[in-house]
Amino acid sequence: MGLKEQQNCLSQRKIIVFIVLAFIPIALFRLCFTNPFSAIDDTSLQESAAHVVITNYSSSSSQEEETQESYDRVKEENLCDYTQGKWVRDEIGPLYNGSTCGTIKEGQNCFRHGRPDSGYLYWKWKPNQCDIPRFDANRFLDLMKDKHLAFIGDSMARNQLESLICLLSTVSSPDLVYRNGEDNKFRKWRFESHNVTVSVYWSPFLVAGLEKSGNLDHNVLHLDRVDERWGNDLERIDTVVVSVGHWFLHPAVYYESGSVLGCHSCEASNCTEIGFYDVFRKAIRTTLKAVVGGRREVILTTFSPSHFEGRPWDSLGACNMTEPYDGKVLEGLDLDMRQIEMEEFTAAKAAAGEVRLEALDVTAMSVLRPDGHPGPYMYPFPFKNGVPERVHNDCLHWCLPGPVDTWNEIMIEMLRRWKV
């Protein structure tokens with residue numbers, strides 16, 4: 001090789017070395033300030049979340065790191081359809097029991113009243129399309145920080161409320177700051193750790209009315225205005241959970257605009273029998289109109305089925321099941337009451353635009369749980385003196401702990417979506 005060729009070869013090598021050296025800083029810069037795996041992780045995360053909206057709770061620090069784009073994406077997605085599913089065995093069991101929670105109403109404390117079987121405690125609701133996370137009390141208190149949550153309605157609203165208090169008590173002891181009314185029908189608790197207030201308002205019709213008493217053999221309802229016992233406090237409530245139904249089956253006289261509208265199962269000769277379905281609809285409509293508005297969050301818990309199933313309430317055979325039903329469908333009264341509520345919920349949401357209104361549709365999942373009621377154990381040890389010919393049964397309310405705890409697990413997911 002001649003001298004000239006050697007010089008050309010050396011020049012080419014210098015050029016190659018220069019190019020390599022020039023690209024090293026660029027490569028180091030990209031390695032330091034970019035993550036070559038981030039695009040893959042973000043894509044897979046978005047594809048997964050598109051199919052499952054109910055997810056496990058993440059810590060507050062990880063939530064703060066989520067981008068605005070991910071918040072917007074979650075907000076646009078539909079909540080997983082938790083109404084379709086089945087009850088499956090859960091060996092973990094409840095978070096509390098009849099001894100660890102002191103706020104359970106005596107009639108629902110099945111454990112302490114001597115119910116011998118415990119299998120009813122080991123079931124969880126499994127939707128077809130997703131999973132419902134186990135109740136996280138810290139998560140709930142974080143979501144409700146500095147807010148007032150109120151349950152308004154009949155004894156089923158109170159049943160759900162007492163379930164929630166027991167669940168929250170596993171991490172934070174509440175202070176009972178207000179109590180009034182027979183059977184503690186008006187109560188208020190404070191969780192000082194998060195400045196959370198939880199209260200219950202007894203209002204079995206939601207609208208204004210009088211309950212039957214010794215001097216009154218029927219209920220009186222005014223369908224065009226809400227019960228002022230909670231209506232007057234509405235502006236001081238941030239989140240409302242309403243739940244009624246069974247009191248509408250009782251004899252009643254109905255008023256609208258100051259005039260008698262009709263009655264149900266009444267003996268008055270000058271009053272027209274109109275049944276209770278349309279009246280129930282009017283009461284739900286009046287209530288939703290009153291509570292929906294501003295930034296208030298509203299949850300309508302649908303009708304909770306009973307399981308007397310044609311047996312007398314004092315029959316030994318009433319609600320004595322020990323496992324859930326498999327495949328039982330809604331029908332009759334349960335179906336009709338739930339349908340009215342869902343129709344009024346849909347109409348209220350459409351009329352008010354993007355309001356914070358959700359239906360906690362528990363009717364279908366609850367009809368599958370005939371094993372979850374106190375039955376004869378609404379009273380302590382009903383068979384301690386032998387088996388009586390007749391025994392009082394509660395086949396309407398739910399044991400605590402019991403299936404009603406699932407309602408509050410689902411309610412967390414509704415609250416979570418409102419925060420994004």
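User: Is F381 buried, partly exposed or exposed?

Analyst: In this predicted model, F381 sits in the loop between α10 and α11. Its relative accessibility comes out at 45%. Buried would need under 20% and exposed over 50%, so F381 counts as partly exposed.

User: What is phi of F381 near?

Analyst: Most residues other than glycine have a negative phi. F381 isn't a glycine, yet its phi is positive. The value is near 40°.

User: Which loop holds N184, another residue with a positive phi?

Analyst: N184 has phi near 55°, and it isn't a glycine either. With a relative accessible area of 26%, N184 is partly exposed. As for its place, the residue lies in the loop between β4 (175-180) and β5 (186-191).

User: Back to the loop between α10 and α11: what is omega near for the peptide bond from L400 to P401?

Analyst: P401 is found in that loop, which runs between α10 (363-366) and α11 (404-418). Most peptide bonds are trans. The one from L400 to P401 is cis, with omega near -5°.

User: How far apart are the end C-alpha atoms of α11?

Analyst: Helix α11 has 15 residues, and at 1.5 Å a residue it should span 21 Å. The modelled distance between its ends agrees with that, at 22 Å.

User: And how many residues of α11 are buried?

Analyst: The helix is largely enclosed by the rest of the structure.

User: Which residue of β8 stands opposite A208?

Analyst: β7 pairs with β8 (residues 219-226) in the antiparallel sense, over four bridges. In β8, the residue opposite A208 is H222.

User: On to the cysteines: is the disulfide of C80 and C130 left-handed or right-handed?

Analyst: The sulfur atoms of C80 and C130 are 1.9 Å apart, and both residues are buried. The torsion about their S-S bond is about -80°, so the disulfide is left-handed.

User: How many residues apart in sequence are the parts tied together by C319 and C395?

Analyst: These two form a disulfide with sulfur atoms 2.1 Å apart. C319 lies in the loop between β12 (297-301) and α9 (332-352), while C395 is in the loop between α10 and α11. Between those parts, the separation is 76 residues.

User: Which residue holds the closest cysteine sulfur to C271?

Analyst: A disulfide here takes sulfur atoms within 2.5 Å. The closest cysteine sulfur to that of C271 is 3.2 Å away, which is too far for a bond. That neighbour is joined by a disulfide to C266 and is buried, with a relative accessible area of 0%. The residue is C263.

User: What pattern do the disulfides follow?

Analyst: The structure holds five disulfides. Counting bonded cysteines along the chain, the pattern is 1-4, 2-5, 3-10, 6-7, 8-9.

Key
Residues are numbered from 1 along each chain as its sequence is written. This is a predicted model: local features need pLDDT of at least 70, side-chain atom pairs count only at pLDDT 80 or more; totals for chains, interfaces and linings use all residues. Side-chain values use heavy atoms; hydrogens and water are left out. Two strands pair if DSSP finds at least two bridges between them. Helices (H or I, at least four residues) and strands (E, at least two) are DSSP runs, numbered from the N terminus. Buried means under 20% relative accessible area, exposed over 50%, partly exposed in between (1.4 Å probe, protein chains only). The expected span of a helix is 1.5 Å times one less than its number of residues.
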